[in-house]
Amino acid sequence: TQQMVSVLLESLSGQYERLGEEINVDYTLKVANKLFQRERIRQVLREASAEERNSRIEEAEKKLLSYRRLEFGGSAAINPLNDEDEIRAAYVNDVKPIVEYGIPAIDRFFQGRLEREGFISFLAPNKAGKSFWLMDLACRTLMQRKRVAFFLIGDMSKKSFLLRLFSRVAARPRFPSSSDGSRLVDIPQSIVMAARPSDENKPWCAEVHTKAKTFKKVVDGNRAVAACKRWVSEIIRANDPYLKLSVHGGRTISVLGIKSELSAMEQEGFVPDVVLIDYADNLAPINSREERRDQVNETWLGLRTLALESNCLVGTSTQCDTPGFDKWVLTRDNFSEDRRKLDHVTMMVGLNVGKRDKPFGITRLNIVNMRDGEFDNNKCCYVAGCLDLCNPAVEAVFPWGSPTDNEMRRAEERIKEPT
């Protein structure tokens, strides 16, 4: 028991030193429950085994029957009609996003949904940047001194992921574009809404103003090492690990396997604030004997449960259906495999990259589905990225909800799905 208490206190101490005052209280209570429950089971088994060795079978049976499940912190059930504290607490809006982008337009778009117990997913066609956006979310989480468990499943190799990650950390391109080893990169500075002058009846689009920068050298092993050391010392400001990367082939690990790995991380003192899976479509089914649609539903239900049980933000991505490849904005009709994916997420975000967006490096974010809130599929957040530096979100505009963006709002209202 002393050892269990010691492990718990060390975990709390580490969290306090790491975040100053923010501790994942709910999850810490759940971990404490597991620790003390396991010790209680071991104690009962030891006592029953001792009685059995002395041939006192009835006493051994009594010991086993005396076992009662411990509930650290009391029963999980509440009395919602009579508990005044619970009634008032339901109206207290103290939920804060666990991750903020630091770009006002994107933070307005997400509406604080990057929160504990949240489950978000990016929906997009293939090659639309799903992996870039998940890695970007991991980097922004780390920059805010929160821990990330990243599960890379299926399509991308560990080396490819690390090359992207180190390019982002070093803020240098991965590949040269000239024989002298340099690369010219256009970095977004601002986004403006513009109409096509040749035909005023065509939809408005966004244009990106960039500034060219020449990198004489791309990132290499030495520069990557130096950049990682700088992140650890200046941004994370701790020697403890903040990022755990777990790589698996497609359909070789299920949600249950992810939970098992997270439990092993917890035993090492690593409790993630954000769990990212790239991507959910490549997870193995929990029950391979079910029909494919039911397998997909069980996987997404398992990911939602993971967010609730671990009191963390879970993020993943999924591919849209074939008609979604050519749509102006993705909607709830563009799910693949099983519609019930939409039921389990707290927010489904569309990554829309049309023919008019691609030349400018623009991704239009839209809300495909969201729990407990109103939304319009056609209200897009325009984001300009720089994939040469592995950063999909450098500048952004979101014309909805900002009183200073009236002209942009009028422009957005003129956008129609292109023929």
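The side chains of T331 and K327 are joined by a polar contact of 3.3 Å (a pair of N or O atoms within 3.5 Å; within protein, one must be able to donate a hydrogen and the other to accept it, and residues adjacent in sequence count only if both atoms are side-chain atoms). The model is a predicted one, where local features need pLDDT of at least 70 and side-chain atom pairs count only at pLDDT 80 or more, while totals for chains, interfaces and linings use all residues. Residues are numbered from 1 along each chain as its sequence is written, and side-chain values use heavy atoms, with hydrogens and water left out.

T331 sits in the loop between β7 (313-319) and α11 (341-344) (helices, H or I, of at least four residues and strands, E, of at least two are DSSP runs, numbered from the N terminus). With a relative accessible area of 15%, T331 is buried (buried means under 20% relative accessible area, exposed over 50%, partly exposed in between; 1.4 Å probe, protein chains only). Leaving aside residues up to four places away in sequence, T331 touches L123, V368 and N377 (contact means heavy atoms within 4.5 Å).
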